[in-house]
Amino acid sequence: MRVPQGAGTAAYEGLWCDAQRVLAGWEPPCGQQAGLRDEFLALLEQGPAALRRDGGPAHLTAGVVVLSPDGQEVLLTHHRKAQAWFQFGGHLEAADESLRAAAQREAREESGIRGLTVFPEVVHLDRHTLPAAFGRCREHLDVRFAAVADPAAGHAVSEESLDVRWWPVGALPPGSAADLGPLIDAAVGHQHVPHAVRTALGGRPARLEHGGP
């Protein structure tokens, strides 16, 4: 999504405060993720411009991995510009109240699943460079969340995508982003996500297993 015209840096201050709070309070599962968390916080020291698409070549973004209730399938988008399969996500907007709200907006826009609810816990961080097709955006520091949807629920293909499709987590499509496997593992293995899945399903048990790619 593009930043609305006239949305100055001051409009991002609330979201900036939320990003600092969320990342500073997050407990990374490993040293690699801890290092990324520190890099993200260092970028945020630049101020709210670190959240804006036009604030610099490197900026924060928000992503969501959408799993089936049993954890055996993942809903992916074939990104038009990147020409690869990814989780949902994208740039932050001034109207987003939080990182989670931004992630949920992106997931709903790109999947077409209007009732999709993103769980509140951060599950994974990733920092990656972008190809020339993305213009002045050169690097994304992506804060990632998880969500669950019924594969039987209807989904749609947005203008940013070539396709949106469910895939087995153990058989990801050719051309998948290299970090998809670690992201799925992080979401399925997150200590709070299985409980959140059970809650979302009204207390019914959910079998979360991951066979690995």
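Because the model is predicted, local features need pLDDT of at least 70 and side-chain atom pairs count only at pLDDT 80 or more, whereas totals for chains, interfaces and linings use all residues. Residues are numbered from 1 along each chain as its sequence is written, and side-chain values use heavy atoms, with hydrogens and water left out.

The protein chain contains five helices and seven strands. These elements are DSSP runs numbered from the N terminus, a helix being H or I with at least four residues and a strand being E with at least two. Read along the sequence, their pattern is α-α-β-β-β-β-α-β-β-β-α-α. Of the 213 residues in the chain, 49% are buried; buried means under 20% relative accessible area, exposed means over 50%, and partly exposed lies in between, with a 1.4 Å probe and protein chains only. A contact means heavy atoms within 4.5 Å. Among the contacts with a separation of 6 or more, 68% are between residues 24 or more positions apart.

Helix α2 covers residues 31-44. The expected span of a helix is 1.5 Å times one less than its number of residues. The buried residues of α2 are Gln33, Ala34, Leu36, Arg37, Phe40, Leu43 and Leu44. An α-helix has 3.6 residues a turn, so residues three or four places apart point the same way. The buried residues of α2 pack against α1 (13-25), β1 (58-67), β5 (124-129) and β6 (139-148).

Buried in α3 are Leu99, Ala102, Ala103, Gln104, Arg105, Glu106, Ala107, Glu110 and Ser111. These buried residues pack against α1, β1, β2 (73-79), β4 (88-91), β6 and β7 (161-168). Just after α3, Gly112 takes a positive phi of about 80 degrees.

Individual residues show how separate parts of the chain meet. Leu99, in helix α3, is buried because its relative accessible area is 0%. Setting aside residues up to four places away in sequence, Leu99 touches Leu15, Asp18, Ala19, Val22, Ala62, Leu92, Val143 and Phe145. The C-alpha atom of Leu99 is 8.4 Å from that of Thr61, although these two residues are 38 residues apart along the chain.

One of the residues that Leu99 touches, Ala19, is in helix α1. Ala19 has a relative accessible area of 0% and is therefore buried. Apart from neighbours within four places in sequence, its contacts are Leu44, Leu51, Leu60 and Leu99.

Val164 belongs to strand β7 and is buried, with a relative accessible area of 4%. Not counting residues up to four places away, Val164 touches Leu75, Leu76, Thr77, Phe88, Glu110, His155, Ala156 and Val157. Val164 and Leu75 are 89 residues apart along the chain, yet their C-alpha atoms are separated by 7.0 Å.

His124 is in strand β5 and is buried, since its relative accessible area is 8%. Beyond its neighbours within four places, His124 is in contact with Trp26, Gln33, Asp142, Val143, Arg144, Pro182, Leu183 and Ala186.

The cysteines may be considered next. A disulfide is a covalent bond between the sulfur atoms of two cysteines; here the criterion is a pair of cysteine sulfur atoms within 2.5 Å. A search of the whole structure finds zero disulfides. Cys17 counts as partly exposed because its relative accessibility is 44%, and Cys30 is partly exposed at 36%.

The last topic is a pocket. On a 1 Å grid over the protein atoms alone, a pocket is an open set of points with protein on both sides within 12 Å along at least five of seven lines, and lining residues have an atom within 4 Å of a point. The second largest pocket is lined by 21 residues, of which Trp26, Glu27, Glu121, Val122 and His190 lie nearest its centre.

Notes:
On a 1 Å grid over the protein atoms alone, a cavity is a set of points where a 1.4 Å probe fits but cannot get out, and a pocket is an open set with protein on both sides within 12 Å along at least five of seven lines; lining residues have an atom within 4 Å of a point.
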